[in-house]
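The notes follow the order in which I worked.

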Protein chains: 2
Amino acid sequence: MKHSEKTIGTKKIFKGKIINLRVDNVLLENGNTSTREIVEHNGGVAILAINKNGNVFLVKQFRKPFEKELIELPAGKLESGEKPEECAIRELEEEIGYKANKIEKLNSIYTSPGFSNEIIHIFLALDLQKTKIHRDENEFMDVIEISLEEAKKMIDTGQIHDAKTIIGILSFLLKN
Amino acid sequence: MKHSEKTIGTKKIFKGKIINLRVDNVLLENGNTSTREIVEHNGGVAILAINKNGNVFLVKQFRKPFEKELIELPAGKLESGEKPEECAIRELEEEIGYKANKIEKLNSIYTSPGFSNEIIHIFLALDLQKTKIHRDENEFMDVIEISLEEAKKMIDTGQIHDAKTIIGILSFLLKN
């Protein structure tokens, strides 16, 4: 059978830079009512950029929710009206200073479907051409270039925990 | 170099059933200040349960943030003081009606580290013993039993988008 929840009310709680929060009142299929806390996010991209040596580029940056530095794929939020592929090419150049001449979609993932509508589009970027890093003045990160085998080992040993990064790396390894 | 952000203020915005929201004021390493919108979540588990035929159990349920049914691994939130492994065994039995006699950790993933501290611990459950489904009265889902190859194809064809589910399946396929 097809499951669904009918919206019978909604309350906007917060409008932020990155996320909005609303709480919906819903009617369940057994006639009961409940609430759903929903974090609205505009979506983003992550880029698995592989150079001619077969190495992948990762970035290390401080992430406030975990109060520590995390190692992740280069990534960024979609700007209003921007296509995911354009966003991937732009963010890759901004964060690591390479232009991708070949780009293909690997996957679109829902990061936390229980409470958020965030979608991250993961792209494979190849045929890289060195240009110039040009990050926002308030953006701080280090670029790491490692082999895919090393990246896989960092997942297995718990040095990489980020979902989009794990999916990008494992998807590529299973394909190749 | 080591990057960090110093908290210079914090404001609680919302306290809910599943998530809390706060906004931190932070001092950046260049001396500028900024804000960080942070969704606090208590964490959860997901279970890749594989039976003696080599099939995996998935659940199909309505997810309000996407206004549609999604196919995911059985999963659930950690209760206060509960160990992830206990939570995995409990949720598997509640949602699909099997007790796992063997359980091992596959991975702990950060779903959205830019704005949330949610961690999902993914477990592999084996040696399954049929018991009884006992969901909450307001929980509605269908159980699907398919081969790992079919599950992989559902990822490749965009029928599965959920991050924890993709990581559970790809991690297992790469190991075996």
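I began with the order of elements in chain A, which from the N terminus on reads β-β-β-β-β-β-β-α-β-β-β-α-α. That makes 3 helices and 10 strands, where helices (H or I, at least four residues) and strands (E, at least two) are DSSP runs numbered from the N terminus. I noted that the C-alpha atoms of chain A fill a box of roughly 60 × 35 × 30 Å along the principal axes.

Before going further I wrote down the conventions: this is a predicted model, in which local features need pLDDT of at least 70 and side-chain atom pairs count only at pLDDT 80 or more, while totals for chains, interfaces and linings use all residues. Residues are numbered from 1 along each chain as its sequence is written, chains are lettered from A and ligands numbered from 1 in the order in which they are written, and side-chain values use heavy atoms, with hydrogens and water left out.

**Domains of chain A**

I looked up the domain assignment of chain A, which gives domain 1 (6-41) and domain 2 (44-175), the bounds coming from an automatic or database domain assignment. Their centres, taken over C-alpha atoms, are separated by 30 Å. The contact between them (heavy atoms within 4.5 Å) takes 6 residues from domain 1 and 5 residues from domain 2 of chain A.

These two domains of chain A bury about 540 Å² between them, 53% of it on carbon and sulfur atoms; buried area here is the accessible area (1.4 Å probe) that two parts lose on being put together, summed over both. On the side of domain 1, Ile18(A), Val39(A) and His41(A) lose the most area to domain 2, together 78% of what that side buries.

**Interface of chains A and B**

How many residues of chain B are in contact with chain A? I counted 69 residues of chain B in contact with 69 residues of chain A. The two chains bury about 6,000 Å² between them, 62% of it on carbon and sulfur atoms. His3(B), Lys64(B) and Tyr110(B) supply 13% of the area that chain B buries against chain A, more than any other three residues.

Between chain B and chain A the count is 2 salt bridges, and one of them joins the side chains of Lys2(B) and Glu69(A) at 3.6 Å, N to O. Several elements of chain B give two or more residues to the side that touches chain A, including strand S1 (6-15), strand S8 (98-110), helix H2 (148-156) and helix H3 (163-175). The largest share of that side, 8 residues, comes from H3(B).

**Symmetry**

Last, I checked how the copies are related, superposing them by least squares on the C-alpha atoms of residues with pLDDT of at least 70 in both. A rotation of 180 degrees with 0.0 Å of shift along its axis superposes chain B on chain A (RMSD 0.0 Å), and that is the relation of a two-fold axis. The same surface serves both copies, since 100% of the contact residues of chain B recur in chain A. Of the residues of chain B, Thr111(B) comes closest to the rotation axis, its C-alpha lying at 2.6 Å.

Key: Salt bridge = Lys/Arg side-chain N within 4 Å of Asp/Glu carboxyl O.
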